[in-house]
Each structure stands twice: as C-alpha cells, then as structure tokens.
Amino acid sequence: MSNVLEIRNLTKKFGDFIAVDNMSLAVREGEIFGFLGANGAGKSTTINMISSLLRSTKGEIDLLGKNIAKNAKFAKSNIGVVPQDLAIYEDMTAYENVSFFAGLYGLRGEQLKERTVEALEFVGLGDKHKAYPKNFSGGMKRRLNIACAIAHRPKLIIMDEPTVGIDPQSRNYILNSVRKLNDMGCTIIYTSHYMEEVEEICTRIAIVDHGKIIAEGTKEQLKAIITDTKDIWIGIKSEDEIKVESLKQIPGVATVRIEDQMVMINSKAEVNNLNQIIQQLIRDRAEIRSVEEQAPNLETVFLTLTGRNLRD
C-alpha cells in the first residue's frame, strides 16, 4: 500500500517557541487516519503546513510522491480541507458557496457546474442549492463546509473537527459521509475531540503532544501500550458452586477472584475467552446476573500518555 502523505522531520517555530518538533509520519492510501492532540499540542499547526496555509521552518512534506512546496498547484488540486471554523459565506447560496471554493481548486465551465451539484447531493443538500446558509442549522452548515472541500475530488481530505457543536443526528450523517468518501477512494486525516468518533471510524491513529508524535498505531496497538490485559466481572447469585481452578485452566485467564457475589477475572486482552468462561460457570450451575468486560479505551490511553484529557 503506497503512502498518500509523507512528512519528514517537520518543524515549525514561532520565535523561540517550537510548535511542531521534528515530526515524521506517513498516511497510507485508503486510510482514515486519526490525528489526536489536546489544544496546543501542535495538531492544527501541522495541518496548516500540510494544507500550505503555513510554511514550515524545516522538513519535507510529500503528497502522492511530490514535494508540496515544489508542486503547489498539484498539491492544491489533490487536497481538500474541512476546517474547524466554518468557511462559508452566509450571503451566498449553497450552490454559490460550493462553486466558489471549487473554482479556487481550479475547476471551470461544465465540470465546475457538475461537481458543484454532485457535492451538494452527496452531503444531502441537493434540494437546498438556492438557499442561504444563514438560514441553515449548525449541522447543515457543517455539511455545506464538507461539500466545499470535496467538489474537486481530492485524493486527500483533511477534516478538522467536522462535527463540533452539532446535534447527534447530524453527527451520524457526517460520520457516514466520511465512510462513504473513504469507500470512494479518498484518504482522510480526521481530527476530533470526540474520542468515540475516532474509535468508531479511524483505521490508524497518531497521538501528538508538545509538537511530537508520542504514539502511533491501530486502536488495539495503542491500547496494548498501557496494558495487555482485560478485566471480566461476572455477577452471580451464589458463590458456592464456582470452581476457581477450572476457570484458571481457560486459555488467557491469569487470575480469578470471588468476592461479594462477583467473579473477577483478569485475562490476556488478545484472547477471546468470554464464551468459554460463561460456559464453565453454566457447567458449575452458577446463576449469572451480569457480565462486564473492561478494557482500556482510547480516552484512557490518551490520558495515560499525555497526562491530560483530549478536550483540555
């Protein structure tokens, strides 16, 4: 699988302050790549350099094998940016907004018209092409923002907090749109302060802190950094018939403890053994009242690695 984006030793200084510190990463073709960092971590500065809104102090950025500083027109036509702050004009119709931004990406004539209509249809605003954004809900404005970024069919789409401040229904619509874009061949860099979104849609994730990438990998790989075990808690009616030694023989089980009508099992995270554990308890004639499997989530990983919450 080839890399759509490669960053090598990227650095950005503002006076004596180092916002991005010798960062290197690669985003593979077809990925939804989660890029996570708390406020001030260097995430937005990096995105601005990728999208050519900011010059780097040093380092290289390649898009589809070409250096973006030396191939500005090529980079411009192959990157779409959905910014955190809405980039739409309230006094222009939805159609005029998309057409304007698509024109900035180089589309002209009939192609411009076709792609504008196509983008509005994709985000569910095809029937609103003559309407003005000032009358739109927050979710509709976010969807229009996306349409403005995708009309030129970029190979790489950067989505910076695309669901901030909208209702759950609009959020689900946008997340489904992200999946559809990915299915259509777009590679996506996705940032969000909603960790559940990242867990749901991202194939690989990088965590940035103080201008450096401190961890990178799949969700499972990141969780394994802080622990390779999981806890299984099973509520039971009576402890009398439980055979602790039988439970310990199940593959992956490390420890078994029974207390206050609760069987507490610590197991290797990579071993899927919950069914075997329940079957053993049924053989022991235990009456099961509740089952809870506890493994670290991305929020826990982020807090452990950075010492702060994503929203800080």
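Biologist: Which residues have the most contacts inside the largest nonpolar core, and how many residues does that core have?
Modeller: The largest nonpolar core has 46 residues, and Leu144, Met159, Ile188 and Tyr190 have the most contacts inside it. A nonpolar core here is a set of buried Ala, Val, Leu, Ile, Met, Phe, Trp, Tyr and Cys residues joined through side-chain atoms within 4.5 Å. Buried means under 20% relative accessible area, exposed over 50%, partly exposed in between, with a 1.4 Å probe and protein chains only.

Biologist: Which helix gives the most to this core?
Modeller: Helix α5, residues 138–150, with seven residues. Helices (H or I, at least four residues) and strands (E, at least two) are DSSP runs, numbered from the N terminus.

Biologist: Predicted or experimental, and what are the cut-offs?
Modeller: This is a predicted model: local features need pLDDT of at least 70, side-chain atom pairs count only at pLDDT 80 or more, and totals for chains, interfaces and linings use all residues. Residues are numbered from 1 along each chain as its sequence is written, and side-chain values use heavy atoms, with hydrogens and water left out.

Biologist: Back to Met159. What does it touch?
Modeller: Leaving out residues up to four places away in sequence, Met159 touches Val82, Ile146, Val178, Leu181, Ile188, Ile189, Tyr190 and Thr191. Contact means heavy atoms within 4.5 Å.

Biologist: What about a second core, and which residues does it include?
Modeller: It is separate and has 24 residues. Leu10, Ile47, Ile61 and Leu156 are among them.

Biologist: Sheets next. What is the strand order in the open sheet of four?
Modeller: The order is β2-β1-β4-β5, with antiparallel pairing. Strands pair if DSSP finds at least two bridges between them.

Biologist: Which strands stand at the edges?
Modeller: β2 (17–28) and β5 (66–67). Each has a single partner strand, so one side of each is left without a neighbour in the sheet.

Biologist: How many bridges between β1 and β2?
Modeller: Eight, in the antiparallel sense; β1 covers residues 3–14. Leu5, for one, has Val27 in β2 as its bridge partner.

Biologist: Which strands does α1 touch?
Modeller: Helix α1 (residues 43–50) packs on the sheet and touches β1, β2 and β4 (58–63). The direction of α1 makes about 120° with that of β1. Axes are lines fitted to C-alpha atoms, for helices over the stretch in contact, and angles run from 0 to 180 degrees between N-to-C directions.

Biologist: Now β9 and β10. How many residues sit between the strands of that hairpin?
Modeller: Two, and His210 takes a positive phi near 55° in the hairpin. β9 (residues 204–209) and β10 (residues 212–217) pair in the antiparallel sense over five bridges. Val208 has Ile213 in β10 as its bridge partner.

Biologist: Where is Asn22, and what is its phi?
Modeller: Asn22 is in strand β2. Its phi is positive, about 55°, although Asn22 is not a glycine. Asn22 counts as partly exposed, at 37% relative accessibility.

Biologist: And Arg285, buried or exposed?
Modeller: Arg285 is exposed, with a relative accessible area of 76%. Arg285 lies in the loop between α10 (274–283) and β14 (288–294).

Biologist: Last one. What are the domains, and what separates their centres?
Modeller: The assignment gives domain 1 (3–224) and domain 2 (229–295). Those bounds come from an automatic or database domain assignment. The centres, taken over C-alpha atoms, are separated by 45 Å.
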